[in-house]
Amino acid sequence: MSQLLTLSRAARLIGVRRGALQGKIRSGELATFEGMVSAEDLQRAFPQARLEDNSGLERLERIKDAAFAQRMRERLLPNAEVLAARLTAMSTERAQVEARLEHYRAVVEELQGKLRALGGSASPRSGAAQLLDWLDRRLARVAPGADSGQSRPLCIQQDFLRIMTAHVQLKPSGHEFFVEGNDNLLEAALRAGLALDYGCSAGSCGKCKAKVLSGQVQKTRHSDYVLSAAEKGAGVVLMCCNTAAVDLVIEAHEAHGAIDMPLQNIEARVKSVTPLAEDMRLLHLQTPRSNRLRFLAGQSVSLGLPGGLPASYAVASCPCDDRNLQFHVRQRAGDAFAAHVFAGLGGADTVHVEGPRGSFVLNEESSRPLVFIAGDSGFAPVKSLIEHAMALESAESLSVIWIAAAENGHYLDNLCRSWSDALDDFRYLPLTLQGAWSQEAVERVLPQALAAHAGLEDCDVYVAGPAPLTNTAEYLLLERGLARTQLFVNTLES
């Protein structure tokens, strides 16, 4: 029987996103068996995929790495203990398979003997004689590549991947992720876009508890938090202090929406202020290692300086890097916080962060294609959503329509074009109003853009920007037949 693979493992093996596999399954081009696919069916569905060329996957990984606030993330081998545990587990499996094969060989040989005994006294056309003839012919047939030295590349790649990475399944959600290099379980889960419960990330608070249902973990750091004897006996571990020695199934709590995100107060340090345009700055804040911001992509926080009124800003970075927070700060009359940013905040300054707030978040239960419509700095929450969607790898395709009031308003145009160039299923359309925000101005550009997007009613659409954009987009989309449950709107100040 062909080897069965999880969708996450299969997608990684052939260098596509999980959403592409789900599209093949929905169209009937790829069969599933209890949520898994066979290696043979996978190669038939993607005959053009060359397993030694995972350039598409590598491009996606580079984009996901860039979501970590440009932090260089070194790709390391697992440590010696983890490698030894994985090799031992694979050796044990191989020994079990060889034992079963030896048992089957003995059964077949015994069956041959019994059929020969029955066939010796029967005519050549008897059932026993015909069955023996069929069995001899089948056994004489050599499996493709068995003696020719030609190995099945998918199986080899799968074995290599199992050594280099561990696959983790979360219960009860069924979400999956991979643990690479020296990542602990929490780091790997956050990188995959999962919203797990955690606190300090340093083994002190005990909030990131998980119960190991199957598999083996390896401790990566000391923890000050002490698990009870009952918890240890039940297989409870701290995800921030353990990695996956082999493939795991664990039980852990996940946030299922904005209501599960606690309100937090953090003093963050100004890491940098970078010009994006004449009236736009990228504010990069860094939280303490032991007090990171838990938030969902698309949410906002209040930012405040000592003695000043706080201002609300959408987080423009991915939750997968909860310590490095990015904000797009536009220079506006009457915005005291923005004035301080443009006046020159530096590394000695701290900013009070309170949040997160808002329900403009990704519907993670949906695998429909995603369409994002942003107006001016409405691109900030959209960027966070896009990077989160890339981490999840569940959407079939992603499209971005970015409308700016001025020609230079697409202040991260190169980033969007790099996404479009790198990913086959990413579409980017920049539009300009050539004037102030108004319903009439939006109606001059948006209807044509929506008309050019086929199958819009089968997508999830996220709209963020000034009221003229969100109001007009909502009316046009609902008129085109988009279900209200597939429309998510975030109205911002213009």
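The model is predicted: local features need pLDDT of at least 70 and side-chain atom pairs count only at pLDDT 80 or more, whereas totals for chains, interfaces and linings use all residues. Residues are numbered from 1 along each chain as its sequence is written, and side-chain values use heavy atoms, with hydrogens and water left out.

Helix 2 spans residues 18-26, and its buried positions are Arg18, Gly19, Leu21, Gln22, Gly23 and Lys24. Buried denotes under 20% relative accessible area, exposed over 50%, and partly exposed the range in between (1.4 Å probe, protein chains only). Helices (H or I, at least four residues) and strands (E, at least two) are DSSP runs, numbered from the N terminus. Just after helix 2, Gly28 adopts a positive phi of about 85°.

An open sheet of five strands has the order 4-3-9-5-7, with mixed pairing; two strands pair if DSSP finds at least two bridges between them. Strand 4 and strand 7 (236-238) are at the edges and have a single partner strand each, so one side of each lacks a neighbour in the sheet. On average, neighbouring strands of this sheet are turned by 40° against each other, direction ignored.

Strand 3 (residues 165-171) pairs with strand 4 in the antiparallel sense over five bridges. Val168 has Phe177 in strand 4 as its bridge partner. Helix 1 lies across both strand 3 and strand 4, and runs at about 55° to strand 4. Axes are lines fitted to C-alpha atoms, for helices over the stretch in contact, and angles run from 0 to 180 degrees between N-to-C directions.

## Glu176 in strand 4

Glu176 belongs to strand 4 (residues 176-180). Its relative accessible area is 17%, so Glu176 counts as buried. Leaving aside residues up to four places away in sequence, Glu176 touches Thr6, Ser8, His167, Val168, Gln169 and Leu194.

The side chains of Glu176 and His167 form a polar contact at 3.1 Å. Such a contact is a pair of N or O atoms within 3.5 Å; within protein, one must be able to donate a hydrogen and the other to accept it, and residues adjacent in sequence count only if both atoms are side-chain atoms.

## Cysteines

The structure contains zero disulfides, a disulfide being a pair of cysteine sulfur atoms within 2.5 Å. For Cys240, the nearest cysteine sulfur is that of Cys241, 3.6 Å away. Cys240 is buried at 2% relative accessibility, and Cys320 is buried with a relative accessible area of 7%.

Note on methods
Contact means heavy atoms within 4.5 Å.
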